[in-house]
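Work through the exercises below with the sequence and the 3D structure open. Each task is followed by its solution in steps.

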Amino acid sequence: MIEAVLVAAAFDQQVHLAFLDDGVFQLARGQMPEAIGHKPFAQGLAELGEYDIDHVWVERESLAERGLTEHDLMIAVSLLDRAAMSEILAQADMLMSL
Amino acid sequence: MLHIVSKSPFADSALESCLAHWRDGDALILIEDAVVAALAEGRFAPRLAGLSLHVLRPDLEARGLSVKALVDGAALVDYEGFVDLCADQPASLSWL
């Protein structure tokens, strides 16, 4: 799924990545997906910078509702409240849900 | 923005999340299992009243629910109407 983001960026689209609802769990540090035969998500995240994806947004309420803080996340992100997240979503020309 | 919700609100938080991110001028279409949210006597009806609300008719009919009263103002649309909604709004967002 993160591959779709990298592909968009590779085609010179200005990509923003938004994490909300259960999506915030994707960013939790210390994941061991190999233990259940899944591919590491973190591998894709490390490549975001190389693809010039500088806008990574995380919804503050989604974190708080799930008992997480930004310190639980594996990469540096920009925190937004729900209203600001709605604004970011509304500004996009095209939205992909992953 | 056209919000597209496809999961039953009784089993999934997609509709809740959609409503939490609602902005003036937005529109909502309920498709697949999400059509159950539009029943007038259902728990979610008060939350949907007053919104620009559309329900995909084939998905409602497939579930035997087209005989039930829907939320005031809900518009039934077919697949062509769904496409028109997508074209009318600047962007579409599928809540998964």
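**Exercise 1.** How many helices and how many strands make up the secondary structure of chain A?

Solution. The model is predicted: local features need pLDDT of at least 70, side-chain atom pairs count only at pLDDT 80 or more, and totals for chains, interfaces and linings use all residues. Residues are numbered from 1 along each chain as its sequence is written, and chains are lettered from A and ligands numbered from 1 in the order in which they are written.

Step 1. Helices (H or I, at least four residues) and strands (E, at least two) are DSSP runs, numbered from the N terminus.
Step 2. On that basis chain A has four helices and three strands.
Step 3. In sequence order they give the pattern α-β-α-β-α-β-α.

**Exercise 2.** State how the radius of gyration of chain A compares with the globule rule.

Step 1. The radius is taken over C-alpha atoms, and the rule is 2.2 Å times the number of residues to the power 0.38.
Step 2. For 98 residues the rule gives 13 Å, and the radius of gyration of chain A is 13 Å, close to that value, so chain A is as compact as a globular protein of that length.
Step 3. The C-alpha trace of chain A spans about 40 × 30 × 20 Å along its principal axes.

**Exercise 3.** Describe the sheet of chain A.

Step 1. Strands pair if DSSP finds at least two bridges between them.
Step 2. Three strands of chain A form an open sheet in the order E1-E2-E3, with parallel pairing.
Step 3. Strand E1 (16-19) and strand E3 (78-80) of chain A are the edge strands, each pairing on one side only.
Step 4. E1(A) and strand E2 (residues 55-59) of chain A are joined in the parallel sense over four bridges; Ala18(A) has Trp57(A) in E2(A) as its bridge partner.

**Exercise 4.** In what order do the strands of the open sheet in chain B lie?

Step 1. The order of the five strands is E4-E3-E2-E1-E5 (chain B), with parallel pairing.
Step 2. Strand E4 (75-77) and strand E5 (92-95) of chain B are at the edges with a single partner strand each, so one side of each has no neighbour in the sheet.
Step 3. Strand E2 (residues 27-30) and strand E3 (residues 53-56) of chain B run parallel and are joined by three bridges. Ile29(B) stands opposite His54(B) in E3(B).

**Exercise 5.** How many residues does each chain give to the contact?

Step 1. Residues are in contact if their C-beta atoms, placed from the backbone, lie within 7 Å.
Step 2. Chain A gives eleven residues and chain B eleven residues.

Definitions and conventions: Two residues are in contact if their C-beta atoms, placed from the backbone, lie within 7 Å.
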